[in-house]
Amino acid sequence: QIFKGPIKNHMLTFVETSGTYMDGLKETLATLADDHRGEMLHVYVPSSEDRVMSYFGLEKKDLPRTVIVDISKADGGAGSMKKYLFSGSKLHTLEDLRQFESDFFAGVLSPVLKSEDDKPGNMRGKVKVITGKKFKEDVAENVEHDVLLMFYAPWCGHCKALIPKWDDLGDIFYDVTKESKDSVPFVAKMDATANEIDEAGVVIRGFPTIYYFPADKSQPPELYDGGRETEDFVKFLQRRATKAFELKDGMKGGPEYHDEL
C-alpha cells in the first residue's frame with residue numbers, strides 16, 4: 001500500500017502510540033498532509049514495527065522521529081532509496097515539519113547515508129575495504145585507478161562463496177611491477193548492509209552486486225554480469241582497464257592490449 005503506490009515521496013513519523021504527544025502529532029500530520037496532497041504520503045509508524053525501526057536505525061528512546069523517504073529512483077531501477085532525517089525539535093511542530101517538507105521539495109536537503117568508520121588500513125590491503133564516507137574519494141572520484149567493487153552482505157551465502165575468489169583476485173592485482181603501481185586496477189569490497197551510497201547509475205538490488213568504476217570519468221559505472229570465477233574477473237579487467245598495466249608474472253592489460261585479448 002505504501003511502497004507500491006503511485007506516490008513515491010513518503011514522510012514517515014515513528015512514534016510511541018502511548019506517548020502524551022500522540023494526539024497532537026496526529027492532528028499536525030493530518031494538517032500537513034493537505035499541503036502536498038498527491039505528492040507526499042504521510043504515515044506514522046508505531047515503535048512495535050521492529051524491523052522498520054531497525055532499518056532506519058531508530059530506537060524507542062529516539063521517538064518521535066521523522067524521516068522523508070524518496071523511492072522515485074529506486075522504484076524505476078535507476079537509483080537507490082534516499083532518506084532525509086528531520087533534525088528539528090522533538091516537539092514536531094507544524095511549522096517545523098512544514099519547513100522540512102518544503103526544503104525537501106526545494107531540493108536543499110542532503111540524504112542521510114549509513115557508513116562504517118574509515119580505518120587507516122582500509123586501502124592498504126590486497127582487497128581494498130570501502131566505506132560510505134570514503135566512497136567518493138576512493139572509488140567514484142578516483143582518476144588514478146580503475147576499481148572493481150563488490151557490494152556484499154555478511155549473511156549472504158553467495159557472497160561467502162565468492163569471497164575466497166575475490167581474495168585471489170586481490171592477490172593477483174596486488175603483485176604489480178613498479179611501473180604499474182599507480183595504474184593497476186583496484187579490487188575492493190563494501191559491506192552494503194553497513195554502508196550506503198548515493199551514486200548515479202549504481203543500483204543494488206541483491207547480493208553480491210559488482211560494479212566496475214573506470215578511472216576515466218567520462219565512462220559511467222558498469223554493472224558486472226560476467227562469470228564468477230577468478231579468471232573471469234581477471235579477463236574483464238584486462239579488457240576494460242583504462243590505463244595500461246603489467247603484473248609481475250608478465251600479464252598485461254589496458255587499451256593497447258584490447259585487440260590482443
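User: In which loop does P64 lie?
Analyst: This is a predicted model, in which local features need pLDDT of at least 70, side-chain atom pairs count only at pLDDT 80 or more, and totals for chains, interfaces and linings use all residues. Residues are numbered from 1 along each chain as its sequence is written, and side-chain values use heavy atoms, with hydrogens and water left out. A cis peptide bond with omega of about 0° joins L63 and P64. Taking helices (H or I, at least four residues) and strands (E, at least two) as DSSP runs numbered from the N terminus, P64 lies in the loop between α2 (50-55) and β3 (65-70).

User: Which element of the protein chain has the lowest mean pLDDT?
Analyst: pLDDT is the predictor's confidence in each residue, from 0 to 100. The protein chain averages 90, and strand β5 (residues 128-129) has the highest mean among the elements, 98. The lowest mean, 61, belongs to helix α3 (residues 72-76).

User: Is H92 buried or exposed?
Analyst: H92 is found in the loop between β4 (82-85) and α4 (94-106), and has a positive phi of about 50° although it is not a glycine. Buried means under 20% relative accessible area, exposed over 50%, and partly exposed in between (1.4 Å probe, protein chains only). With a relative accessible area of 3%, H92 is buried.

User: Which residue in β4 is the bridge partner of V67?
Analyst: Strands pair if DSSP finds at least two bridges between them. β3 and β4 run antiparallel and are joined by four bridges. In β4, the partner of V67 is L85.
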